[in-house]
Amino acid sequence: MDFLISPAFAQAAGPQPSPWSPLIMLAIFFAVFFFLVIRPQMKRAKEHRSMVSALGKGDEVITSGGLAGRIDDVSDSFITVEIADGVRVKVQKQAVTAVLPKGTLKSA
């Protein structure tokens, strides 16, 4: 059967790649991922927690649903936002996305 297929011969072994090379690349990818994705997200979450903990009565806020109003009451996990004269809505504190400068709602 050797007359149809030529036999394959093993070539001489060349230099072996380092076993540390894939581990080093994995560490570099993790470091890049950490500094470009995870760390900025942790920073934004920390800023949001400090903003939510500093909420007080009279602050003008915007919620994640797009409601803009003035805080009327603050409890542990909920706030009451007055969105118009006599119209109050209870929302979670975590739903507040931004605190507006004082007097913003009167000018709008």
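Which residue forms a salt bridge with Asp 72? It's Arg 88, with the closest N and O atoms 2.8 Å apart. A salt bridge here is a side-chain nitrogen of Lys or Arg within 4 Å of a carboxyl oxygen of Asp or Glu. Keep in mind that this is a predicted model, where local features need pLDDT of at least 70, side-chain atom pairs count only at pLDDT 80 or more, and totals for chains, interfaces and linings use all residues. Residues are numbered from 1 along each chain as its sequence is written, and side-chain values use heavy atoms, leaving out hydrogens and water.

**Overall layout**
- The protein has 2 helices and 5 strands (DSSP runs numbered from the N terminus: helices are H or I with at least four residues, strands are E with at least two).
- Along the sequence they come in the pattern α-β-β-β-β-β-α.
- Buried residues make up 17% of the 108 residues (buried means under 20% relative accessible area, exposed over 50%, partly exposed in between, with a 1.4 Å probe and protein chains only).

**Helix H1**
- H1 covers residues 21-53 and bends by about 45 degrees at Phe 34 (the angle between axes fitted to the seven residues ending there and the seven starting there).
- Phe 29 sits in H1 and counts as exposed, at 54% relative accessibility.
- Phe 29 also belongs to a nonpolar surface patch, whose members include Trp 20, Leu 23 and Val 37; together the patch residues have about 1100 Å² of accessible area.
- Patch residues have over 30% relative accessible area and no salt bridge, with like charges joined within 9 Å and nonpolar side chains (Val, Leu, Ile, Met, Phe, Trp, Tyr) within 5 Å; areas come from the Shrake-Rupley method with a 1.4 Å probe, and for residues only the protein chains shown count as cover.

- Strands E3 (residues 78-84) and E4 (residues 87-92) pair in the antiparallel sense over 6 bridges (pairing takes at least two DSSP bridges).
- Phe 78 has Gln 92 in E4 as its bridge partner.
- The hairpin leaves 2 residues between the strands, and Gly 86 in the turn has a positive phi of about 80 degrees.

**Salt bridges**
- There are 4 salt bridges in the structure.
- Arg 88 also meets Glu 82 in one (4.0 Å, N to O), and Asp 72, Glu 82 and Arg 88 are linked in a network.
- Asp 72 is partly exposed at 25%, and Arg 88 is partly exposed at 45%.
- Another salt bridge joins Asp 59 and Lys 102, with the closest N and O atoms 3.3 Å apart; this pair links distant parts of the chain, 43 residues apart.
- Asp 59 is buried at 16%, while Lys 102 is exposed at 59%.
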